[in-house]
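Biologist: I have not seen this structure before. Please take me through the terms as they come up.

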Amino acid sequence: MSTENEGTAVPPAPSAPPPPADAPAASAPQGAHPGSAPAAGDPYGPPASQVHHDPGESTSAPDPSWPPPPPPSTPAYGGDGGAGHGGAGQGWGGGGWGADEGAEHQQPEPKNGRGRGGLVAAVLAAALVAGGLGGGLGYTLARENDSGGSTTVSAGTTGGNVKRDPGTVAAVAAAALPSTVTIEAASSSGEGGTGTGFVFDKQGHIVTNNHVVADAVDGGNLSATFPDGKKYEAEVVGNAQGYDVAVIKLKNAPSDLKPLTLGNSDDVAVGDSTIAIGAPFGLSNTVTTGIISAKNRPVASSDGSGDKASYMSALQTDASINPGNSGGPLLDAQGNVIGINSAIQSTSNGGFGTGQAGSIGLGFAIPINQAKYVAQELIKNGKPVYAKIGASVSLEATTNGAKITEQGVGGTEPVDPGGPADEAGLKPGDVITKLDDRVIDSGPTLIGEIWTHKPGDEVTITYERGGKERTTELTLGSRVGDS
């Protein structure tokens with residue numbers, strides 16, 4: 001589930017010659033309405049089926065502090081069925097949450113003219129032909145009925161000069177776009193992709209997703225391009241694979257950078273308006289709108305490489321998010337950043353003949369309150385800091401809670417001796433059902449909720465042991481780094 005990736009350039013539409021000034025309107029083909037475009041076949045084909053969880057996959061018992069192995073059928077960041085990095089992934093749980101964007105960083109070329117570019121060009125060509133037809137007819141009728149006067153009313157200004165009121169989508173987009181960048185990342189072997197980021201401070205730090213820049217971490221190439229076309233080389237300051245957050249810094253950063261204002265994701269309500277900015281399929285500086293569809297949505301995703309998974313308690317939005325949107329800002333109606341677009345749930349097969357998934361209205365963003373903390377730690381120390389309870393939990397998809405396993409990872413103790421869970425009295429076999437007032441239905445949900453907190457936070461754990469419900473207070477520990 002994710003949103004990173006480059007797209008194929010859309011070719012220009014073919015031009016249509018203007019109608020002769022005195023020519024009568026062309027007649028429409030028999031059986032067709034004058035001026036209508038010819039019917040086209042369905043370029044998408046039959047709908048793709050949803051990806052389902054494979055109950056046959058084994059489930060591991062990682063330490064929720066990290067590094068937990070990916071949950072069963074962890075979806076990938078996009079790509080073939082996932083919208084961004086990695087291949088078509090399966091979500092954990094019945095709904096397959098977490099099909100993350102991006103499969104390969106390289107998008108296949110459209111085939112036989114039925115790809116995204118061919119489809120758009122064909123539609124534009126038909127529109128131009130129909131427009132020319134109607135234009136010729138309209139000119140002829142206007143000339144015959146012209147009595148020497150004119151009833152045309154002209155606007156005082158063109159659309160480009162109209163001032164947009166504060167709070168409109170156009171005004172928010174105009175203010176935010178200059179602080180949003182398109183990121184190109186490539187490994188030393190040339191593999192990579194395209195994502196998005198936004199200006200975090202005046203020192204040139206840009207916040208994005210880890211999976212957007214992961215290929216450039218070890219000796220790769222990284223650049224950021226602003227909407228005005230100015231391009232800057234950049235370097236990775238720090239990346240947090242578990243949080244899926246990264247910070248890069250522009251080389252020779254300009255002095256007039258304008259950081260985007262950070263909002264408060266805790267105050268967001270379901271139904272609030274959202275605005276997403278990114279580079280879907282390589283189309284930089286694209287703006288889409290929607291609402292907050294849900295809060296605290298547990299999402300587990302991976303880059304499709306079989307490496308560690310990322311976990312979040314996400315903001316869900318129906319704003320259109322596609323491969324290339326990853327790392328871009330999710331804004332509220334006032335233009336404040338409330339999240340980082342990171343993942344999408346998608347059908348198992350992409351449209352436009354590309355084999356890469358796209359938006360079906362289920363997008364997920366990392367809440368900005370969490371991302372801000374992670375970014376500040378990365379700028380300060382270069383490494384992420386994770387909160388932990390010090391116990392291994394099962395990643396099996398259930399609705400009953402997060403069960404502390406009987407065995408830890410690699411033969412370690414399932415409950416760290418002297419750790420937070422041990423001091424709180426938790427034992428192997430206990431099933432955690434709540435963290436404060438958040439209902440915990442699985443191990444991934446617990447991990448995502450723990451990571452919304454900071455080390456040292458005190459939380460109330462509700463758990464079941466021997467059929468009886470109990471509660472205990474627990475002070476979260478910490479772990480530094482992803483390894």
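Modeller: Two strands pair if DSSP finds at least two bridges between them. Helices (H or I, at least four residues) and strands (E, at least two) are DSSP runs, numbered from the N terminus.

Biologist: What kind of model is this?

Modeller: This is a predicted model, in which local features need pLDDT of at least 70, side-chain atom pairs count only at pLDDT 80 or more, and totals for chains, interfaces and linings use all residues. Residues are numbered from 1 along each chain as its sequence is written, and side-chain values use heavy atoms, with hydrogens and water left out.

Biologist: What makes strand 9 and strand 12 a pair?

Modeller: Two bridges join strand 9 to strand 12 (residues 329–331), and at least two are required. The two strands run antiparallel. In strand 12, leucine 330 is the bridge partner of alanine 276.

Biologist: How do you know that strand 9 and strand 10 pair?

Modeller: Six bridges link strand 9 and strand 10 in the antiparallel sense. In strand 10, isoleucine 277 has valine 287 as its bridge partner.

Biologist: Why is aspartate 430 called buried?

Modeller: Buried means under 20% relative accessible area, exposed over 50%, and partly exposed in between (1.4 Å probe, protein chains only). Aspartate 430 has 2% relative accessibility, so this residue counts as buried. Of the six residues of strand 9 (residues 273–278), five are buried.

Biologist: What makes aspartate 430 and arginine 465 a salt bridge?

Modeller: A salt bridge is a side-chain nitrogen of Lys or Arg within 4 Å of a carboxyl oxygen of Asp or Glu. For aspartate 430 and arginine 465, the closest N and O atoms are 2.8 Å apart. Aspartate 430 lies in the loop between helix 5 (420–423) and strand 17, and arginine 465 in strand 19 (residues 458–465), so the pair ties together parts that are 35 residues apart in sequence.

Biologist: Which residues form salt bridges with arginine 438?

Modeller: Arginine 438 forms one with aspartate 437, with the closest N and O atoms 3.7 Å apart, and one with glutamate 449, also with the closest N and O atoms 3.7 Å apart. Arginine 438 lies in strand 18 and glutamate 449 in helix 6, so the latter pair ties together parts that are eleven residues apart in sequence. Salt bridges with shared partners join Asp437, Arg438 and Glu449 into one network.

Biologist: Why is helix 6 called largely enclosed?

Modeller: Eight of the eight residues of helix 6 (residues 443–450) are buried, so the rest of the structure largely encloses this helix.
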